[in-house]
Amino acid sequence: MARAKKSMGKRAERTLKSAMVYTLTLFIDVLIVYFIVRSFSISFDFSYNVFSDSAKDPGSVTYVTVDIKKDASSMDIAKTIYKSGVIKNKYVMAAKLTLGKYGNEIKPGTYRLSASMTYNTIIDVLRGKDPDKIVKNKNGTTNKNNTGSGSTEESSGD
């Protein structure tokens, strides 16, 4: 009788140990699946923002002044604009500038930008396509700033 009790205890111990290993394996598998899904979600969101055109705050009427330095890299330009609060993600802007091969077309100068501008609009302004948003170009000449009524201006530098 004592032998049957001992063997029953060992069997229960093995079953409990097996259940714990199974539970731990299941938990690790769930974590792996979570991280894979999360990685795809982050990748999709980044790719969507690079290939779509969106604004940080479409209803914003606030304009900031941003200085773009001569010989600034795409990442330097993106950081400057991001620090001014105009864009959501500096890496998306750097990717747009790099993938669109706009690096050579960006003109140094001082620009008026708003969070209501889309990434592509900001790039067009930096390329000189919207001269009303250029405060001072590289030659030091100043253009008229037509921003509409109700807009305010803040100064932002790097």
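A: At 67% relative accessibility, Lys-101 counts as exposed (exposed is over 50% relative accessible area, buried under 20%, partly exposed in between, with a 1.4 Å probe and protein chains only). The model is predicted, so local features need pLDDT of at least 70 and side-chain atom pairs count only at pLDDT 80 or more, while totals for chains, interfaces and linings use all residues. Residues are numbered from 1 along each chain as its sequence is written, and side-chain values use heavy atoms, with hydrogens and water left out.

Lys-101 lies in the loop between α3 and β2 (helices are DSSP runs of H or I with at least four residues, strands runs of E with at least two, numbered from the N terminus). Its phi is near 55 degrees, a positive value in a residue other than glycine. Asp-71 also has a positive phi, near 60 degrees; Asp-71 sits in the loop between β1 and α2 and, at 75% relative accessibility, counts as exposed.

Leaving aside neighbours within four places in sequence, Ile-81 is in contact (heavy atoms within 4.5 Å) with Val-66, Val-86, Ile-87, Met-93, Leu-113, Ile-122 and Leu-126.

Val-86, Ile-87 and Ile-122 are also among the residues that line the largest cavity, whose volume, the space filled by probe spheres set on grid points joined across faces, edges and corners, is about 30 Å³. A cavity is a set of points on a 1 Å grid over the protein atoms alone where a 1.4 Å probe fits but cannot get out, and lining residues have an atom within 4 Å of a point.

Of the 158 residues of the chain, 30% count as buried. Its secondary structure comprises four helices and four strands, in the order α-β-α-α-β-α-β-β. Mean pLDDT (the predictor's confidence in each residue, from 0 to 100) is 81 for the chain, and 77% of its residues reach 70 or more.

Definitions and conventions: 1 Å grid on protein atoms, 1.4 Å probe; cavity = no way out; pocket = protein on both sides within 12 Å on 5 of 7 lines; lining within 4 Å.
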